[in-house]
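User: I have a structure open and would like to go through it piece by piece. Can we start once it is on screen?

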Amino acid sequence: MGAFLAALGDVLTSEAAYINALTFAVFLAFGATGEWVAERSGTLNISIEAMFLAAAFAAAVGYSSSQSEVVALLCGMFAGFSVAFVQAEMSHRLAANQFVVGLTLNILVLGLASFLASELDPVTTKSSSISIPLLSEIPLIGAALFGRSWLFYLIYLLVPFVWWLVYRTRWGLEVRAVGENPQSADVSGLDVNKRRRQSIYVVGLTSGMGGTYLVLAAVGQFADSIVGGRGFIALIAVIFGGWTLRGTLAGCILFGAVLSFRLSLPALGYDVSGDLLASLPFVVTIVAMSVFAKRVRPPQALAQPFIRGLK
Amino acid sequence: MTTGFESADIDHGAASSPDMSEQPPRSGGSGRLGPTGLARIISAGEVVGLYALCIVAALLLSALIVQLTGGDSLAVFSALLDGSIRGPGRIGETLGVMGPLLIVALGAIISNRAGLVNIGQEGQLFIGAAFATYVGTRIGGPGPVVILALLVSSAIGGALWAGIAAALKYRRNVPEVLTTLLLVTVAAQLAGYGLKNQWLLLAPPEGRANRQQISQQLDPDSRIPLVTMFGNQFPISVFFALGGAALVAFLLARTVWGFRLRALGHNERTAQRAGVAASRYGAGALLLGGGFAGLAGGIMLAGGDFGNYTLVPGFPAEIGWTGLLVALVGRQRVFATIIVAFIFAGLRTGSGFVAATGVERRITDVVQGLLVLALLIPPALLFLRQRRRAMAARESRT
Amino acid sequence: MADEAHDEVNHPKSGTGPSGPVPGGLLATGRVAIRLDQVSKRYGAVTACDEVNLTLTAGRIHGVLGENGAGKSTLMKIMIGLVLPDEGTISVDGHRVRFVDPTDAARYGIGMVHQHFSLVEPLRVWENVALGDEGRLDPSATRDRVKEISDRYGLAVDPDAVVGDLPVGMRQRVEIIKCLRRDPSILIFDEPSSVLTPAESEQLFDTLRHVVLEEGRAVALVSHKLDEIMRATDEVTIMRQGAVVRQVRTSDVDAAELAEAMVGRAVSLRSERVALGVVDADFDGSDVPDTHLEPAPVVLEIDGLTVMTRDGRRLLDDLSLHVRKGEIVGIAGVEGNGQRPLADVLSSLIVLSSGEVRVDGASVQTGVAGAMAAAGIGVIPEDRHDSGVVLEMTVAENLALVGIVDIARAGVIDRRAMSSTAERLIDEFEISCAGPDAPLFSLSGGNQQRVVLARELSREPEVLIAAQPTRGLDVGAIEYMTNRLRQAAEAGVGILLISSELEEILDLAHRILVISDGRIIGEMARGEADLGRLGLLMGGQVA
């Protein structure tokens, strides 16, 4: 117990630990923010893993051919959107089961990315950090929050934008209605599946940002294991957070921190088995879900496809 | 919260959509409607045509990808055929891969029937294989006993792994789609840990030949016997897989258990009223799904095609995922699943020959993925049309 | 423009127009608001609407009467843009129109107050009211509009309340406000009083009169209840099997004529009139045969049932009742007062927080799958799709669902037995279907209900719970169901009839209980039933 507290103390006082934790937290947050919107509309997209991966690959290729991070970002967002497009069309226009489609997309994109990566071999360099004066000098967390790549800073713009989108616009109201009671929404004149598809496009775009961030700023180069199952954790952050944006972000920070232990702990001198440490985030996620699952209230129509065949 | 795989899995077979061509009498009188024979034939032709179209589209798209990356798609397809069925003894290889795929798929069908979304076969398989390795390399005794023991323990291992998800679902209401998924990664890491420690799975230094994470090899006596037919060699477990398929089909269609499972999958509340406890039947279905996947892992280990009777990191080689896809493509019909399992096995064995054409072998994953996506479309369209008709006919009378 | 050849509607009375200038978008009294000409809609070879002509005039309440399945619901869907007609034209204010969706129809001034509401419970009142509009979201403007409409029509409601927290009567107000906020010139009310107490219904009709007369709007009132039509409408269109059979001024006809038009034959049997929603004003129960049921043993005893939700709300609050052998106990009450949880407990779907259920004196476990059924409790649930049938399974499978173990040997189902039992039941209960292997979703609602009835009765239960058993059925099916229930009671089955249709309860029940807020607040024998007192009780007032 004492050793555990000592370890905890070391982590909490290490600047590098915060940097690592936020790296993963923000990666998750890019996806989770979008998935929050998608789940508020009643969809559950396990293809978020594929969106991240497709985006990472596309961004790597985009950077490799243009040496421009902006181009890379656009490629990444386009790739994420493409995966989202397939998910949206198949599940919410053609009524194919969304889990099946999501699963298939994950496998397909993994295969495609591996295949193309070995043929195309994209080369990337790590994105440099831009330190914001003064703010980045705050002890402990300054560098973690304000001394990062410009891609990181995008999250500061994304989160408030998405909040505004869902709570202050008509589109957001309709998305929420569609996720709670699609029958009522339909009778009120809303196009249920269209809003659902659009909310999936959102997660495609935000995951696109996340994938780009991952490959250019967080890791530095592409490998087909770059996402490695961690995309799902973004999805679970939404559930953990009780489908509120605040809760989702809290979840991202928690899970991001745990994901980062694999880097931070050894660096601090702790020798914990790599495999067990690697499984820790997933175990923590499962435990967190178990503890919180009964207390949270999902959107009433979550994961229930909507079909009205009367016109 | 989860809906299972049921939403678009309406059976298009025997009890297909009756033609709403006559208005039934209002009340009283037992009138009999019947779909006209011709309508059914035309409808069946439509279905076949739709499937054919989608399959062709997927293959063309794959060919396009190959061409765009500088390969020769015809050579690739030829290599696929050579590797899967045309080459000498290749059918045997394909059958050897088909065995575990089919078993995983059978387990997936059972879980799906109950309305569950179990997508953790890859992990359940790995844990099953790990259990089999532990038991198979440690107990002594006559060959058949060891084989049986390791197979049984592999099934138990897979079931236990799925059991975690079942417990979380029925005790804490955590959706199994997420837990089974996360447990896949945990399984790989757990197995990796096991392979680093001699007290678990790692082989002693003298059996390792300088490799880092590898288990002891199974004794020749502890391996599933091979059989040779028409020049093809494959483990006899293939016959058991086929027999198992027949058994599962029978159980699902003809027994009380299968009936109740089906009711549960379609409508949990009605099933509960009728005596089907969701937690018991559902958990049972999940455990069986895991058990079958685990068993497949044991067969893979003791059958030899997948690593020469040793356990290594990455052992499942995506058989778990592929087996799940086989079940989904087979639309939960056991007979179709056998055929799909053979085809997907063929893709794998064929991919070995693809490298010779200069194209990265991963292309078969792409072909497989595109095929599955394409094959999801016809049932979805047909379901929509069927539902629309039935709902409209019902609506118009209320 | 006004071709009166088809209808018998006379020209409107004069002298009831608005006194000042009419607010923008409304029509002067007497003008034709909307006109449907030869509108037809077919689904396959089933004709839902058959060359229907309908004219709604400003300043009048126009009833659309027809039994379940007559086509009025489809017709309304066409009018609000949810369904596209195959033939015929729609003219609004003289101009030909074609709606593509409900928002389109709303733009032409057509609004509907739906029977099952179009509200999203977790959202607030103002958010629900704003749903379906276009343009920027303006919370304060919407809130103001809600207040304005509330005040004008006496429909008080808090714009920031969460709809899910509101009782049913209030929710209907929100639904009406949602309809009125677009200033519709044409309002359609779909079976509005099905969820209201008698007192609330009266209040609603007053609101309607106000809306129509003082504001010159046109109102259509869709209903299958003669009572409602007689009380609240100026003129009425009667539909039968998709076609219009008569169009008259309400004051020119009586209930019997309307009933006859509705079903196509003379209606004299009391049961038929009951099915049509006629509650005799001078009902005093004296024509009810006196059955002495006191000595009969108690088959079902419900003792102090309490069911609580996760957040502490009581769905059932210390509810107690008993049913004797051969007795029909009716539970009257407006929907949403605990009927559904009660039926769910007796279907083994909910666990009790406290209390006990006893059949023939023996306690039965709650929440354990199949326990209630095994103890001899049969259930015809309120929503058969929710917990009564499995739509994707065949008729034979649904019939065998509860007692599947009985037709199996060593776990294997005896297919032949299942099939022959199904054939027998299909004949006995006159279930219209393609055969025992027809999927259940291919059956009409009435026939699906017969499947449920057949299954439950064939198991020879001690107790039968019938929850809203005739909802959505046409007159013939209602009669059949009612007769069957009566027969079952005569054969000794204790029946618990849960219904929000007073007519049904008065017709069938030997003893009437009233449920409100999860508990029984009143009881009376049929012989002493008093409509006034019943109405009060249903409104929650213990008299």
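User: What is the strand order in the open sheet of 4 strands in chain C?

Analyst: First, a caution: this is a predicted model. The order is β12-β11-β14-β15, and the pairing is antiparallel.

User: Which strands stand at the edges?

Analyst: β12 (314-324) and β15 (362-364) of chain C do. Each has a single partner strand, so one side of each has no neighbour in the sheet.

User: How many degrees does the twist average from one strand to the next?

Analyst: The average is 25 degrees from one strand to the next.

User: How many bridges join β14 to β15 in chain C?

Analyst: There are 3 bridges between β14(C), which covers residues 354-359, and β15(C), and the two strands run antiparallel. One residue pair to look up is C:V357 with its bridge partner C:V364, the latter in β15(C).

User: Ok, stepping back. How many helices and strands does chain C have?

Analyst: Chain C has 18 helices and 22 strands. Of its 543 residues, 52% are buried.

User: And what share of its contacts comes from residues 24 or more positions apart?

Analyst: Counting contacts in chain C with a separation of 6 or more, 69% are between residues 24 or more positions apart.

User: Let's pick a residue in there. Where is C:A422 found?

Analyst: C:A422 sits in helix α14 of chain C, which spans residues 415-428.

User: Is C:A422 buried or exposed?

Analyst: C:A422 counts as buried, because it has 25 C-beta neighbours inside 10 Å and the cut-off for buried is 20 or more.

User: What does C:A422 touch, leaving out residues up to four places away in sequence?

Analyst: With those left out, C:A422 touches C:V395, C:A396, C:L399 and C:P436. Take C:V395: 27 residues separate it from C:A422 along the chain, while their C-alpha atoms are 7.4 Å apart.

User: Switching to chain B. Where is B:L252?

Analyst: B:L252 is in helix α7 of chain B, residues 237-254.

User: Why does B:L252 count as partly exposed?

Analyst: B:L252 has 19 other C-beta atoms within 10 Å. Partly exposed lies between the limits of 12 or fewer for exposed and 20 or more for buried, so 19 falls in that middle class.

User: Now chain A. At what angle do helices α2 and α11 of chain A cross?

Analyst: The axes of α2(A), residues 15-40, and α11(A), residues 231-240, cross at roughly 50 degrees and come within 8 Å. That angle makes α2(A) oblique to α11(A). The crossing is right-handed.

User: Which residues make that contact?

Analyst: From α2(A) they are A:L28, A:G31, A:A32, A:E35, A:W36 and A:E39. From α11(A) they are A:G231, A:I233, A:A234, A:L235, A:A237 and A:V238. By class, the contact has 8 nonpolar, 2 polar and 2 charged residues.

User: Last topic, chain A against chain B. How many residues does each chain put into the contact?

Analyst: Chain A puts in 43 residues and chain B puts in 47 residues. In chain A, α5 (98-120), α11 and α13 (274-292) each supply at least two residues of that side.

User: Which helix gives the most?

Analyst: α5(A) gives the most to the side of chain A that touches chain B, with 13 residues. That side has 28 nonpolar, 12 polar and 3 charged residues.

Terms used:
Residues are numbered from 1 along each chain as its sequence is written. Chains are lettered from A and ligands numbered from 1 in the order in which they are written. This is a predicted model: local features need pLDDT of at least 70, side-chain atom pairs count only at pLDDT 80 or more; totals for chains, interfaces and linings use all residues. Axes are lines fitted to C-alpha atoms, for helices over the stretch in contact, and angles run from 0 to 180 degrees between N-to-C directions. Angles under 35 degrees count as roughly parallel, over 145 as roughly antiparallel, 65 to 115 as roughly perpendicular and the rest as oblique. A crossing is left-handed if the near helix is turned anticlockwise from the far one by less than a right angle, and right-handed if clockwise. Two residues are in contact if their C-beta atoms, placed from the backbone, lie within 7 Å. Ala, Val, Leu, Ile, Met, Phe, Trp, Tyr, Cys and Pro count as nonpolar, Asp, Glu, Lys and Arg as charged, and the others, Gly among them, as polar. Two strands pair if DSSP finds at least two bridges between them.
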